[in-house]
Amino acid sequence: AAVHSVMKKQSAVVDRIFSGIQPTGTPHLGNYLGAIQNWVRLQEESSSVLYSIMDMHSLTMPKEPSVLRQNILDTTAAILACGIDPKKCFLFRQSLVPEHAELAWILGCITNVPRLLRLPQWKMKCASQNNEGTVGLLTYPVLQAADILLYKSTRVPVGEDQVLHLELAQDIAQHFNKKYGEFFPMPKAILSTTKKIKSLRDPAMKMSKSDSQKLATVNVADSPEEIVLKFRKAVTDFTSEVTYDPESRPGVSNLVSIHAAVTGLSIKEVLQQAAGLDTARYKMVVAESVIQKFAPIRNEIKKLQEDKYHLIKVLEDGAEKAKELAAPIYQEIRRLVGFQ
């Protein structure tokens with residue numbers, strides 16, 4: 001009877017959301033609109049939500065330890081300032097829950113190498129490291145699968161560049177279930193509805209923290225003066241009218257996307273507001289809407305950064321709760337694979 005009740009418990013699938021962010025310091029506009037804003041909404045919608053600062057993933061690209069330490073705190077401060085509430089979700093640091101790495105090993109043993117070699121992120125990042133990509137860089141999608149499956153997560157907010165990695169997690173879950181019996185639910189993607197935010201200096205590229213052009217990326221904590229400068233210098237074209245046509249006018253269309261996303265208006269409503277403005281004046285309208293959106297967040301980040309120990313405690317408390325959730329699931333995995 002006891003065994004039967006355990007099996008019944010296993011089959012009751014809990015709606016659980018899991019997502020992670022790499023600690024690259026203060027997030028940029030693209031991170032905020034594409035992911036964090038969505039996180040804030042989702043923590044209100046589900047009773048079980050986990051958000052992780054992915055410090056283990058960040059080792060796949062070379063980092064100084066002191067920089068990583070500071071980035072973890074800055075990312076945490078920014079996420080909290082944007083409205084993530086540790087009372088409504090578990091906010092924790094990945095490396096504080098060792099089961100992530102332990103499960104990644106087990107899942108790595110049922111994942112074939114050719115599948116990982118085909119992933120575009122590997123090809124791209126490996127090329128950027130003179131084709132001397134590390135084992136960690138190759139296998140981090142398996143760790144991502146472990147991050148998700150360790151909690152039996154059912155929904156995962158992802159950007160379009162991570163969809164293939166979620167599909168890998170689904171395949172690994174299926175493979176595990178086939179080999180050891182039905183255990184993991186299939187995690188489904190929650191795709192962001194925000195259009196991908198592009199670089200202000202090169203609208204063919206997405207906005208990125210690692211962009212060498214400082215004016216390309218707007219950070220959540222930028223001062224109003226910095227934001228105005230970056231939008232003033234944003235690359236557009238020689239037509240002064242404001243229209244939305246991502247194919248033939250990527251620069252102006254990126255500004256329209258940003259304006260719509262920060263104001264919560266539709267593309268159509270934003271274009272109505274921009275009627276009669278030339279692109280130079282429109283850039284200032286967009287800059288102003290971004291400044292208004294980020295002003296309270298920027299002030300809150302500054303306040304939170306002054307209390308380093310509070311940030312550390314938030315992540316430690318979140319990790320304790322995450323461990324409590326992970327422990328029985330991981331014990332069952334150990335039993336299934338024959339470790340106990």
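**Helix packing and buried positions**

Helix α4 and helix α13 lie oblique to each other, the class left over once angles under 35 degrees are called roughly parallel, those over 145 roughly antiparallel and those from 65 to 115 roughly perpendicular. The model is predicted, so that local features need pLDDT of at least 70 and side-chain atom pairs count only at pLDDT 80 or more, whereas totals for chains, interfaces and linings use all residues. Residues are numbered from 1 along each chain as its sequence is written, and side-chain values use heavy atoms, with hydrogens and water left out.

The axes of α4 and α13 cross at roughly 135 degrees and come within 8 Å, where an axis is a line fitted to C-alpha atoms, for helices over the stretch in contact, and the angle, from 0 to 180 degrees, is taken between N-to-C directions. Helices (H or I, at least four residues) and strands (E, at least two) are DSSP runs numbered from the N terminus. The crossing of α4 and α13 is right-handed, a term for a near helix turned clockwise from the far one by less than a right angle, with anticlockwise giving left-handed. On the α4 side D74, A77, A78, L80 and A81 take part, and they meet I297, E300, I301, L304 and Q305 of α13. By class, this contact of α4 with α13 holds seven nonpolar, one polar and two charged residues, where Ala, Val, Leu, Ile, Met, Phe, Trp, Tyr, Cys and Pro count as nonpolar, Asp, Glu, Lys and Arg as charged, and the others, Gly among them, as polar.

A78 deserves a separate look. It belongs to α4, which covers residues 65-81, and its relative accessibility of 0% makes A78 buried; buried stands for under 20% relative accessible area, exposed for over 50% and partly exposed for what lies in between, with a 1.4 Å probe and protein chains only. Apart from residues up to four places away in sequence, A78 touches T26, P27 and I301, contact being heavy atoms within 4.5 Å. By contrast, L59, which is 19 residues from A78 along the chain, has its C-alpha atom 21 Å from that of A78.

G264, with a positive phi near 80 degrees, follows α11.

With helix α12 (residues 267-274), α11 (residues 250-263) makes a crossing of roughly 110 degrees, and their axes come within 9 Å. That angle makes α11 roughly perpendicular to α12. In this contact V256, S257, H259, A260 and T263 of α11 face I267, V270, L271 and Q273 of α12, and the residues divide into five nonpolar, four polar and no charged.

N254 leads on to S199, for S199 is in contact with M205, K206, M207, D211, A216 and N254 when its neighbours within four places in sequence are left aside. S199 sits in the loop between β5 (188-191) and α10 (224-232), and at 1% relative accessibility it counts as buried. From S199 to A216 the C-alpha distance is 5.0 Å, although 17 residues separate them in sequence.

Elsewhere in the chain, helix α7 (residues 120-128) packs against helix α8 (residues 135-149) at about 160 degrees, with their axes 10 Å apart. This pair is therefore roughly antiparallel, and α7 passes α8 in a right-handed crossing. Q121, W122, K125 and C126 of α7 make the contact with L137, L138 and Y140 of α8, a set made up of five nonpolar, one polar and one charged residue.

Between α8 and β4 (155-158) runs a loop that contains K152. K152 is not a glycine, yet it has a positive phi of about 55 degrees, and its relative accessible area of 12% makes K152 buried.

Helix α9 (residues 163-180) has 18 residues that should span 26 Å at 1.5 Å a residue, and its end C-alpha atoms, 26 Å apart, agree with this. Its buried residues are H165, L166, L168, A169, I172, A173, F176 and N177. Just after α9 comes G181, with a positive phi of about 100 degrees.

Note on methods: The expected span of a helix is 1.5 Å times one less than its number of residues.
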